[in-house]
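Trainee: I am new to this structure. Can you show me how to read a few residues?
Mentor: Gladly. Here it is.

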Amino acid sequence: MANLDAADAITPQAVQTVRVDLGARSYDIRIGRNVLETAGAEIAVVLPGARLAVIVDENVARLHLEAFGASLEKAGIDFTPITVPAGESTKCFSQFERLCDEVLNARLERNDAIVALGGGVVGDLTGFVASAVRRGMAFIQVPTSLLAQVDSSVGGKTGINSRHGKNLIGAFHQPALVLADTAILDTLTPRDFRAGYAEVAKYGLLGDADFFAWLETNWQGIFAGGQERDEAVARSCQAKADVVAADELESGRRALLNLGHTFGHALEGAVSYETERLVHGEGVSIGMMLAHEFSEKLGLIGADTVGRVERHLTDVGLPIRITDIPGQLPGVDVFMDLIAQDKKVSRGALTFVLTRGIGDAFVEKGVDPYLVSEFLKEKLNP
């Protein structure tokens with residue numbers, strides 16, 4: 001991963017393009033303030049003549065659907081808006097079925113497209129719908145949360161949740177275009193912005209020590225909405241694009257992007273996906289902390305590295321301990337059952353993303369469940 005320097009700086013009004021290089025399935029991520037205003041023109045170039053279904057949750061619809069629709073109308077694009085409830089519970093079979101029916105009711109054809117206007121929940125669900133209706137339709141990601149802009153909108157992972165765990169039902173289905181308007185992030189609550197920032201920090205921790213050091217110095221500018229924000233989003237997208245281009249279907253290197261997610265998904269499952277208690281990025285933050293602490297327990301890193309990660313996540317206001325989650329938590333057996341359902345489990349063997357230092361993560365297969373269980377007992381009962 002390339003280092004950030006002054007030559008890479010992005011001016012506040014510039015639009016940065018990151019290319020996801022996947023041969024015939026390649027696409028652009030367009031990043032900058034007020035990209036939403038030109039969304040219609042961008043879409044018309046990529047998918048000329050296409051009619052659209054725009055899937056949006058009720059909260060985002062109130063904030064951004066009018067502006068997005070105006071951009072589409074200006075470009076002469078016909079579209080049908082379809083709203084869904086906000087929240088993680090929307091990623092379910094019943095909503096998937098309803099949306100498939102709604103898209104077909106709109107008389108969209110195979111050469112038309114479906115747009116995800118929203119955060120990660122809407123993006124994951126919409127992409128899965130697009131992968132299935134008419135055996136595969138084009139779709140476009142217009143992510144409205146920081147987490148979606150730097151992570152879930154890029155790479156083609158789509159899906160819904162099951163009672164067995166998160167994102168266990170879905171498909172790889174790449175978007176035709178991603179439009180990341182960083183000005184939209186001004187409308188996020190502080191909690192949601194912080195949660196998205198966990199995924200930004202992840203890119204430094206997993207493979208770019210210089211980027212993590214830059215974040216330690218510049219995180220306040222990212223939160224304030226200056227050019228640092230655009231730079232962080234673009235750098236994160238480039239990091240993910242590089243990994244996806246090398247390993248589209250997560251057969252190897254792409255699993256590194258799950259740093260903190262094995263623990264994090266188990267935490268989300270343990271609270272039944274109640275976002276009042278824990279949102280995804282908060283689970284990732286605690287999960288990354290656990291991954292570093294577990295790596296220390298295994299003798300892979302020292303306390304100084306763990307302390308540095310802890311300081312930065314604490315500085316930006318993210319939770320770092322299981323005990324930071326409000327309310328009653330289940331016992332270690334429930335956590336182990338949830339971890340056993342993780343998508344990276346192979347033939348029953350546990351797989352974790354561990355680390356040898358800042359920017360030096362690796363995938364470890366066949367981790368001893370006993371060691372994980374004992375480690376979690378310590379964290380649940382400090």
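Trainee: Which residues does His173 touch, not counting residues up to four places away in sequence?
Mentor: Contact means heavy atoms within 4.5 Å. His173 touches Gly127, Ala130, Ser131, Gly136, Met137, Phe139, Gly156 and Thr158 on that count.
This is a predicted model: local features need pLDDT of at least 70, side-chain atom pairs count only at pLDDT 80 or more, and totals for chains, interfaces and linings use all residues. Residues are numbered from 1 along each chain as its sequence is written, and side-chain values use heavy atoms, with hydrogens and water left out.

Trainee: Is His173 buried or exposed?
Mentor: Buried means under 20% relative accessible area, exposed over 50%, partly exposed in between (1.4 Å probe, protein chains only). His173 has 16% relative accessibility, so it counts as buried.

Trainee: How does Thr80 count at 27% relative accessibility?
Mentor: That value makes Thr80 partly exposed. Thr80 touches Leu52, Ala53, Val54 and Ala106, leaving out residues up to four places away in sequence.

Trainee: Which side chain of opposite charge is nearest to Asp57?
Mentor: Lys and Arg count as positive, Asp and Glu as negative; His and the chain ends are not counted. A salt bridge is a side-chain nitrogen of Lys or Arg within 4 Å of a carboxyl oxygen of Asp or Glu. For Asp57 the nearest is Arg62, 6.8 Å away. Asp57 is buried yet has no salt bridge.

Trainee: Which backbone nitrogen does the Asp57 side chain reach at 2.8 Å?
Mentor: That of Asn59. The Asp57 side chain also reaches the backbone nitrogen of Val60, at 2.8 Å.

How values were computed. A polar contact is a pair of N or O atoms within 3.5 Å; within protein, one must be able to donate a hydrogen and the other to accept it, and residues adjacent in sequence count only if both atoms are side-chain atoms.
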